Amino acid sequence: MRTNAYIRVDGSSEIGSGHLVRCLSVAQYLKTQNMNVLFITRSKNIVKYILEDGIEVKVLENDCSLTDELGMIQNLLSTSNPNLMVLDVNNYHTFKTIDDYSYYLKTLGKMPVFTVSFEDPKNHPPLSDVAILPYAGADQLKYDDGKCLYLTGPKYFVLPRIFLKAKPAVIRKNAGIRKNAGRLLVSMGGSDPKNITLKVLSALNKTKINIQLTIILGGFSKITDTMVNNEMDNYKGRFSIVRDCKNMAEVISQSDMAIIGSGLMKYETASLGLPSIVISLDPYHSSIMDDFVKYNCVEHLGHVDIVKDSQIAEAVINLMNDFKKRQNMSNAGRLMIDGCGVERIFSKV
């Protein structure tokens, strides 16, 4: 007998796409466990990605009130009787305040469904049945769990499915990390709302670096090819633009190093042993990076508003020329993320 599960998630240029990608991985795992899955979202622009994975989706209207959404979920529960509801909506674009989010969880808690939520490491109410904080440093914090079971730390990080079969960069062609770094990946996530990609390209354009660039522009990015070409008018090396990349794991495994944003992608590059330089989106993300850098698989430059072009160029040149450091970063990343996060989560659930 097949059982039912709901997954509630949004994605946009403000939220990014990492939460959606994570939830798609969860959905595919649940399908292997003989469960029917239904996505619920306010974001019409992510529907095509959900349908491409062969999963049903219920789209809420953007002006749907919190009360109306909860009423709709209550009606769904009465008709399909799901066993599980997975939530990945702890953000200030889905809910304007943490009080709204708390009310949402508390109301769901009165409904006949088991709730599992992915939570923010520093701002979360213990109101779901299982709260997942799969981030660096979360396993060192103490939580007042009450009736909520906390699953914390990178061992619970959910990798996209395509990463589970990808070959780590460190064992590429059995040759290990290349001594001469010739390929640099630049990716600031699915949305890049502050156009950090252009800042990075501007910094590289001012140098004499001759390294092949792969520039990834996410599905929610508003950066155009023309904007990229304008920033690269004096670049000495070759570069290519990939939009809404479908084979990110392959691109990562073929790269020698990366400049990335502070979102979930840093866990993905770590899992494949790719040495990375991180620029944070804002001061909050920068504070979270303090725990991540302790794993020694990335170099963090700080949040974008204070990072100078000269710092970006210097960091790239230094890492290119430091073979031993890249080796150590690669090994540390693969030890951090082993790809078994989703199985660990649902062994507890």
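1. Helices α3 and α4 run roughly parallel to each other, a label given to angles under 35 degrees, whereas angles over 145 count as roughly antiparallel, 65 to 115 as roughly perpendicular and the rest as oblique. The structure is a predicted model, in which local features need pLDDT of at least 70 and side-chain atom pairs count only at pLDDT 80 or more, while totals for chains, interfaces and linings use all residues. Residues are numbered from 1 along each chain as its sequence is written, and side-chain values use heavy atoms, with hydrogens and water left out.

2. The label for this pair rests on an angle of about 20° between α3 (residues 66-80) and α4 (residues 98-109), whose axes lie 11 Å apart. Such axes are lines fitted to C-alpha atoms, for helices over the stretch in contact, and the angles run from 0 to 180 degrees between N-to-C directions. The crossing of α3 and α4 is right-handed, which means that the near helix is turned clockwise from the far one by less than a right angle, anticlockwise being left-handed.

3. Which residues of α3 and α4 make the contact? From α3 come Leu66, Glu69, Leu70 and Ile73, and from α4 come Asp100, Tyr103, Tyr104, Thr107 and Leu108, where contact means heavy atoms within 4.5 Å. Sorted by class, the contact of α3 with α4 holds six nonpolar residues, one polar and two charged; here Ala, Val, Leu, Ile, Met, Phe, Trp, Tyr, Cys and Pro count as nonpolar, Asp, Glu, Lys and Arg as charged, and the others, Gly among them, as polar.

4. A second pair is formed by α1 (residues 18-32) and α13 (residues 341-348), whose axes come within 11 Å and cross at roughly 60°. That angle makes α1 oblique to α13, and the crossing is again described as right-handed. In this pair Val26, Tyr29 and Leu30 of α1 meet Val342, Glu343 and Phe346 of α13, a set that divides into five nonpolar residues, no polar one and one charged.

5. Turning to the whole protein chain, the secondary structure comes to 13 helices and 13 strands, taken as DSSP runs numbered from the N terminus, with helices (H or I) of at least four residues and strands (E) of at least two. The radius of gyration of the chain is 21 Å, which agrees with the value near 20 Å that a compact globule of 349 residues would have; it is taken over C-alpha atoms, and the globule rule is 2.2 Å times the number of residues to the power 0.38. Along the principal axes, the C-alpha atoms fill a box of roughly 65 × 40 × 35 Å.

6. Of the 349 residues, 56% count as buried, meaning under 20% relative accessible area, with exposed over 50% and partly exposed in between (1.4 Å probe, protein chains only). Among contacts with a separation of 6 or more, 66% join residues 24 or more positions apart.

7. Asn195 sits between β8 (183-187) and α6 (196-205) and is partly exposed at 28%, while Asp244 lies between β10 (239-243) and α8 (248-253) and is partly exposed at 23%.

8. Finally, Pro126 belongs to the loop between β5 (114-118) and β6 (130-133), and its relative accessibility of 39% makes it partly exposed. From Phe239 it is separated by 113 residues in sequence and by 46 Å in space, C-alpha to C-alpha.
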